[in-house]
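Visitor: Could you talk me through how a pair of helices packs here, and then a few side chains?
Guide: Gladly, go ahead and ask.

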Amino acid sequence: MVAFCSFILFFLHTLLFCRSFTMPGRFHFTVGLIVALSIAVMLPSSQKSRLDSIIPLALGLLLGLLIAETPVASPIQELLGLSSRHPDKVGLDILHASSAMDAKKAKTELDQKTMYGLQHAFLNLEVTGWWFNMGLWDKNRNMRFQEACQALVDKATHSLNITSDSHILDVGFGCGDQDVYMAQRYKPARITGVTIEPIQHHAAQELIKRSNLSGTTIDLHVADASFLQEFLATTPGIFESDTRTKLFSHVVSIDSAYHYNTRAQFLKNAFSVLSPGTGYLALADMILAKPAPISAIGRYIFEAVFGAMEVPVVNMKTMDMYRQDLVDAGFVDIEIECIEDRVFSGLAGYIDGQTSRLGGLVKPGVNWTYWGLSKGLWWLDRSKWLHFVVVRARKP
């Protein structure tokens, strides 16, 4: 039965070739994953391994539903409530109408949908920030996304002795919201931020201009987290001219370090730019809760999944291996706290609520993407496959 489902699923994905040809990364990942699963379930194996294959098989089917726009997939999307009669789709009906009468009918439907639709929603929307981390969610109350993101920053940075003399290096600052928040909460002397995303750097610069901060200087740069020392050596003005030691009091990275290539090298670089004795590292990060698979097929799937997430596989380590990386970098007083029970399910529930409230304001493709993200987060919460951790450590 599982092998038959694998065949059907592979057939569904081959139908996506024309649609996915312009997106080779997604296409290759999808087909590669399904081929691997198909081979895995058809080879002789124990009953347990066959059952284990059902979960990734279901996730592969979910991925197919999210990106498919074919005659085969559309009824499935509508059955699951993932599709809607969007004005853009009606516009395509006009172009492909078989007769003038059909085109006129489609145009009338389009006019009815857009003239008194939800275009006025633009006038009612308020942007209160561009936060983007997984958040730390309180299960006993309804939290706004921004509140959960701030709570995660609080969790990672509290009890680190940040004072008015502190100079924080924020690696992977997103769109700058967390730097403004730390400036308002702790009032450090300086915050230097680096990101590899130019568009986020631009958004953060605009946010800083609007924030009217006093007492804290925030300087943001586009740079690679894996080359901190080279960045510091080639970027003047990061430190005050009268500062003798060119070091930071704190290095912070919120929900970002698992993307660095490699995280172990980043930890060593962070150690090298911290002040001895009083320099602190604070991370919100992800690691493996279970050892990585060792079979050829399991390893292929493992690498494909994290490759699609743009996470270097070498970063996916267990707790003991992660702690050893911190020790090898030179850190002491290492604290690692698992908080995934307040992260994955909280964000999943919030996404479900947002899609329910705002589903009519966005195109179906966006709804499908967040629907899939929500289901993936729920699965992570139940499977206990990953740890979401808060890390604090000191440079001796």
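Visitor: Which hand does the crossing of α13 and α15 have?
Guide: The crossing of α13 and α15 is right-handed, meaning that the near helix is turned clockwise from the far one by less than a right angle. This is a predicted model, where local features need pLDDT of at least 70 and side-chain atom pairs count only at pLDDT 80 or more, while totals for chains, interfaces and linings use all residues. Residues are numbered from 1 along each chain as its sequence is written, and side-chain values use heavy atoms, leaving out hydrogens and water.

Visitor: And which residues make the contact?
Guide: On α13 they are R263, A264, L267, K268 and F271, and on α15 they are Y322, D325, L326 and A329, with contact meaning heavy atoms within 4.5 Å.

Visitor: Which residues of α15 are buried?
Guide: In α15, residues 319-329, the buried ones are M319, Y322, D325, L326 and A329, where buried means under 20% relative accessible area with a 1.4 Å probe, protein chains only. They lie on the same side of α15, because they cover an arc of only 120 degrees around the axis, taken from the directions from the helix axis to the C-beta atoms.

Visitor: What covers them?
Guide: The cover includes α13 (263-272), β5 (280-288), β6 (332-338) and β7 (386-394).

Visitor: Switching topic, is S345 buried or exposed?
Guide: S345 is buried, because its relative accessible area is 13%. S345 belongs to helix α16, residues 344-358, and, leaving aside residues up to four places away in sequence, S345 touches K139, W378 and D381.

Conventions. Helix = DSSP H or I, 4+ residues; strand = E, 2+ residues; numbered from the N terminus. Buried < 20%, exposed > 50% of the residue type's maximum accessible area, 1.4 Å probe, protein only.
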